[in-house]
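Thanks for asking me to look this over.

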Amino acid sequence: MHFMATKHDPATVLEEQDQRLKPPPMFQVMLLNDDYTPMEFVVSVLQNFFGMGREKATQVMLKVHREGRGVCGVYPKDVAATKVEQVSSYARQNQHPLQCVMEEV
């Protein structure tokens with residue numbers, strides 16, 4: 001009985017390795033400014049959903065206030081989507097129009 005060695009194309013292996021080694025795309029989660037959401041509420045969102053200390057949360061809130069948007073953190077897609085949903089839902093429950101969005105970095 002003879003076993004034939006199959007010739008493996010090295011290019012195929014390299015291509016598969018490149019796919020595996022490529023890091024997943026990351027997404028930044030941002031809060032958008034509005035004229036109605038209280039600053040204190042934004043600070044509490046940053047502390048509760050993004051694990052920021054009060055000082056850091058205040059800095060990000062001021063950036064949102066002054067520049068129209070502020071980055072809360074950078075996450076893999078599924079984590080970012082969950083954060084956006086949690087913050088949006090929490091804001092609606094508290095009757096604030098605060099918008100939370102994500103975009104690929």
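1. α2 and α3 are oblique to each other, because their axes cross at roughly 125 degrees (under 35 degrees counts as roughly parallel, over 145 as roughly antiparallel, 65 to 115 as roughly perpendicular, the rest as oblique). The two axes come within 9 Å, each a line fitted to C-alpha atoms over the stretch in contact, with angles from 0 to 180 degrees between N-to-C directions.

2. A word on provenance: this is a predicted model, where local features need pLDDT of at least 70, side-chain atom pairs count only at pLDDT 80 or more, and totals for chains, interfaces and linings use all residues. Residues are numbered from 1 along each chain as its sequence is written, and side-chain values use heavy atoms, without hydrogens or water.

3. Contact (heavy atoms within 4.5 Å) between α2 and α3 brings in Met39, Glu40, Val42, Val43, Leu46 and Gln47 from α2, with Arg54, Ala57, Thr58, Val60, Met61 and His65 from α3. By class, that makes seven nonpolar, three polar and two charged residues.

4. With α4, the axis of α2 comes within 11 Å and crosses at roughly 140 degrees. Here Phe41, Val45, Phe49 and Phe50 of α2 meet Lys83, Gln86, Val87, Tyr90 and Ala91 of α4.

5. As for α2 itself, residues 39–50 reach 16 Å from the first C-alpha to the last. Its buried residues (under 20% relative accessible area, 1.4 Å probe, protein chains only) include Val42, Leu46 and Phe49. The buried residues of α2 pack against β1, α3, β2 and α4.

6. Just after α2, Gly51 has a positive phi of about 65 degrees.

Note on methods: Helix = DSSP H or I, 4+ residues; strand = E, 2+ residues; numbered from the N terminus. Expected span 1.5 Å × (residues − 1). Buried < 20%, exposed > 50% of the residue type's maximum accessible area, 1.4 Å probe, protein only. Nonpolar A, V, L, I, M, F, W, Y, C, P; charged D, E, K, R; others polar.
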